[in-house]
Amino acid sequence: MRRVTPHKQSHKLFVLLRLFIACVVLFLLAYTAQFARIQTPGLKVWFFDIGQGDAIFIETPNGQQILIDGGPGDSILQKLSSVMWPWDHSIDAIVITHPDADHITGLVSVFERYQVKTIYETGVRGGTPMIQALEQAIAEEQSQNKIVREGQTFNWDGVQVFVHWPSEEAIQTQKDRNNTSVVLKLVYGSTSILLTGDAEETIEEEIGFSVGDIDVLKVGHHGSKTSTSVQFLKVVNPEVAVIPVGADNSYGHPHPIVLEHLKQVGASILRTDLDGDILLVSDSMSYKVSPVFLPF
Ligand SMILES: [Zn+2]
């Protein structure tokens, strides 16, 4: 039988202790870097890596916080605790692009944990248990509810918001919830960002010219081939494309043809499945989009 001498045992303990201290120091450094980033002035937009779904968190230049969709599960709570101060339990606004599970499931937990001042949504409902859970959560929240329609504009603390979709007609006639998605263009100084929900090609064709040239495109429907046509890309001409998409998802998103379309217009591509969480920062004159390490 091998005998472990007290000397060897204390050496082992010493190595473990050093490893533990190194981990704590690394975590604190990451945490500090993250909160330093929260305090960076300007507009910040986080595209969270929450699997196959969308969850986008916006912080305006004076600290208003807006969450667009909540992703397919509870991991949104960890993401929010990475980008909000621990004592902050309120969110200025939540935008629900459309009530599909990969966009709304996490929102139920968000409504439980945070006070939400304003909810922007289309009013589209359906019979799924998840939609019913969301409806219940909205009913219990003491929020101001705004129904979003094409042509509206908002000003979120110096960030201009243009609603490009849905039209009232789409709400009345569209059978596919994806095509009732809220599509927003955010403009802060010379930086413009298009957030498309899961809107598909037919919608892109309708709105392309009114959207015009943009800097950053949140690619529609997780890179499905039903969105992101070349015609649309040529009109909006994005420099950067962000694809929120789950690793090894069963849909095969993003579709190779979508990646090809983006290459054709020279857009650089960032993907949450490969790059993790992604952060856009704009000081109104220039912007930067890059992967970012979140502590949680
Ligand atoms: Zn989706």
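At roughly what angle do the axes of H3 and helix H4 cross, and within what distance do they come? The axes of H3 and helix H4 (residues 129-140) cross at roughly 35° and come within 9 Å. Axes here are lines fitted to C-alpha atoms, for helices over the stretch in contact, with angles running from 0 to 180 degrees between N-to-C directions. Helices (H or I, at least four residues) and strands (E, at least two) are DSSP runs, numbered from the N terminus.

This is a predicted model, in which local features need pLDDT of at least 70, side-chain atom pairs count only at pLDDT 80 or more, and totals for chains, interfaces and linings use all residues. Residues are numbered from 1 along each chain as its sequence is written.

The H3 and H4 crossing is left-handed: the near helix is turned anticlockwise from the far one by less than a right angle. From H3, Ala-101, Ile-104, Thr-105, Leu-107, Val-108 and Phe-111 meet Met-130, Ala-133, Leu-134 and Ala-137 of H4. Contact means C-beta atoms, placed from the backbone, within 7 Å. The residues of this contact divide into 9 nonpolar, 1 polar and no charged. Nonpolar covers Ala, Val, Leu, Ile, Met, Phe, Trp, Tyr, Cys and Pro; charged covers Asp, Glu, Lys and Arg; the others, Gly among them, are polar.

H3 (residues 101-113) also holds Asp-102. Asp-102 is buried, because 24 other C-beta atoms lie within 10 Å. The cut-off for buried is 20 or more other C-beta atoms within 10 Å of the residue's own, and for exposed 12 or fewer, with partly exposed in between. Asp-102 touches Gln-52, Gly-53 and Pro-72, not counting residues up to four places away in sequence. Ala-55 is 47 residues from Asp-102 in sequence, yet 9.1 Å away in space, C-alpha to C-alpha.

Now two other helices. In H2 (residues 75-83), Ile-76, Lys-79, Leu-80, Ser-82 and Val-83 are buried. Down the axis of H2, these fall within an arc of 155°, so they line one face of the helix. The arc is that of the directions from the helix axis to the C-beta atoms.

In H8 (residues 256-264), Val-258, His-261 and Leu-262 are buried. Their arc around the axis is only 95°, which puts them on the same side of H8. Their cover includes helix H7 (230-236), strand S12 (240-243) and strand S13 (268-271). Exposed Pro-256, Glu-260, Lys-263 and Gln-264 sit on the face turned away from the buried side. After H8 comes Gly-266, with a positive phi near 75°.

Terms used. Two residues are in contact if their C-beta atoms, placed from the backbone, lie within 7 Å.
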